[in-house]
Amino acid sequence: MMLNVDVAENLRAIKDTLPDGVRLVAVSKFHPVEYLEAAYTAGQRVFGESHEQELTKKQAALPDDIEWHFIGHLQTNKVKYIAPYISMIDAVDSLKLLKEINKQAAKNNRVIKVLLELHIAEEATKYGFTPDECRRMLSEGEWRSLENVEICGLMMMASNVDDEEQIRREFLTAAAFFDEVKADYFSDADSFCERSWGMSGDYGIAVKCRSTMVRIGTAIFGPRVY
Ligand SMILES: *Cc1c(COP(=O)(O)O)cnc(C)c1O
């Protein structure tokens with residue numbers, strides 16, 4: 001299969017602009033396995049997918065040393081399929097989902113890393129905890145008893161707008177909220193350290209707003225064909 005984008009070159013160009021310490025999740029959803037193989041050959045080991053069946057197929061077809069992130073909205077009834085191998089579930093948006101991940105992780109004798117998804121953007125359709133919902137969930141404390149999940153930080157998507165100032169404001173709101181939650185609940189937990197924001201259109205702004213983990217698809221693999 002001839003790819004119509006230079007995946008290796010795109011990866012190199014993006015990595016050149018990422019500050020040290022910012023990790024790149026290559027978002028490969030909707031792209032055929034050949035595109036992932038091109039990225040793998042170029043050294044990429046962290047991939048993000050957002051549909052369980054597609055991920056399960058790709059995981060079976062590709063090398064074992066890939067770190068798979070589930071970046072989309074995850075239905076609780078799908079957790080069991082990915083629990084054996086998933087490295088991180090990036091978009092936990094309810095206590096119910098967190099509890100199900102804990103249960104399935106325990107069944108597989110492992111601890112699954114997760115990020116809590118924040119809803120700060122103006123779009124009504126986006127999933128995630130508002131800051132108040134997140135505060136409430138953490139203060140109620142049930143999450144503390146979930147021994148098979150490790151909450152590693154926060155994830156969010158900025159509004160899909162051209163206004164860079166608005167995007168910057170949203171990222172900075174998320175960064176300030178990270179500091180609050182870190183101080184209030186995770187000051188002893190070194191593992192609570194990730195701030196996952198920034199996609200193809202806004203990762204340059206995100207890394208200036210303390211992102212530690214960008215999730216980039218289109219700028220690596222080209223436009224998705226749905
Ligand atoms: C698809 C997706 C991305 C990547 O988007 P691009 O604009 O293609 O870089 C990042 N994060 C999430 C949650 C996504 O669903």
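These legends describe close-up views of a predicted model.

The model is predicted, so local features need pLDDT of at least 70 and side-chain atom pairs count only at pLDDT 80 or more, while totals for chains, interfaces and linings use all residues. Residues are numbered from 1 along each chain as its sequence is written, and side-chain values use heavy atoms, without hydrogens and water.

**View 1. The shell around the ligand.**

View 2. A polar contact is a pair of N or O atoms within 3.5 Å. The side chain of Thr218 places an N or O atom 2.5 Å from a ligand oxygen. For the side chain of Lys29, the distance to a ligand oxygen is 2.6 Å. Gly217 uses a backbone N or O atom, 2.8 Å from an oxygen of the ligand. The protein buries 89% of the 390 Å² that the ligand exposes alone (Shrake-Rupley method, 1.4 Å probe).

**View 3. An aromatic pair.** The structure holds five aromatic pairs (ring centres within 6.5 Å; planes under 30 degrees apart are stacked, over 60 edge-to-face, the rest tilted). Trp143 and Tyr185 form an edge-to-face pair, with 6.2 Å between centres and 80° between planes. Trp143 lies in the loop between helix H6 (131-140) and E6, and Tyr185 in helix H7 (residues 164-185), so the pair ties together parts 42 residues apart in sequence. Helices (at least four residues) and strands (at least two) are DSSP runs, numbered from the N terminus.

Conventions: Polar contact = N/O pair within 3.5 Å; in protein donor to acceptor, adjacent residues only side chain to side chain. Phe/Tyr/Trp six-rings, centres within 6.5 Å; stacked < 30°, edge-to-face > 60°.
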